[in-house]
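Please keep the sequence and the model in view while reading.

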Amino acid sequence: MTDVIYVFLDESGDLGFKKRSSKTFIVAYIITDNPQKLMIEVKRVRKRLRSLRRKKQKVISEFKFSRDSDDVRMELFNHLRKMDFEIGYVVIDKDYVKNELRDKPTTIYNYITVHYIITNILARYTPDKIVFTLDKSLSKVARRAYNNYFEDKLYWKALVERGMRPPKY
């Protein structure tokens, strides 16, 4: 990896605690130092997979493993294993979330996507800069709060816990 690493996040599940809410919340992430190459390869995979999809599903705007066929999944995995990136994930069993946090989904989301992922990144890399791309759409105010939390946590984890110069964000 180079001095700049790119992290792409995607979530599965929800942060609700109602009867119909998901049992888990999952955040998967990809780390790469060459996002342009990764994007080109993903476009190539989409083109190849069009032939494996049903006729009514020819357009592939997003991969949905729960809806895709085994053929599509295997083709994607076979192509992905040739690419240069790393993956990670965080799985939260929501039964273990403290009661006082259950009405604070933003707090839970921020902690999961920042604390765990930064800890994993700094344990393996010493980047000068980290570029984070979230799948979740946030309002301007929420995005600003998320960015502030991210910077504070990154600074603390790097400097105080690991004794290294904090990467830029």
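The face of helix α4 that is turned away from its buried side carries the exposed residues Lys140, Val141 and Asp152, where exposed means over 50% relative accessible area, buried under 20% and partly exposed in between, for a 1.4 Å probe and protein chains only. This is a predicted model, in which local features need pLDDT of at least 70 and side-chain atom pairs count only at pLDDT 80 or more, while totals for chains, interfaces and linings use all residues. Residues are numbered from 1 along each chain as its sequence is written, and side-chain values use heavy atoms, with hydrogens and water left out.

The buried residues of α4 are Tyr146, Phe150, Lys153, Leu154, Lys157 and Ala158. Seen down the helix axis, these buried residues fall within an arc of 115°, so they line one face of α4, the arc being that of the directions from the axis to the C-beta atoms. Their cover includes α3 (105-124) and β4 (129-133), and just after α4, Gly163 takes a positive phi of about 65°.

Seven salt bridges are found in a search of the whole structure, each a side-chain nitrogen of Lys or Arg within 4 Å of a carboxyl oxygen of Asp or Glu. One of them joins Lys94 to Asp14, with the closest N and O atoms 3.0 Å apart. Lys94 lies in the loop between β3 and α3 and Asp14 in the loop between β1 and β2, so the pair ties together parts that are 80 residues apart in sequence. Lys94 is buried at 4% relative accessible area, whereas Asp14 is partly exposed at 28%.

Definitions and conventions: Helix = DSSP H or I, 4+ residues; strand = E, 2+ residues; numbered from the N terminus. Contact = heavy atoms within 4.5 Å.
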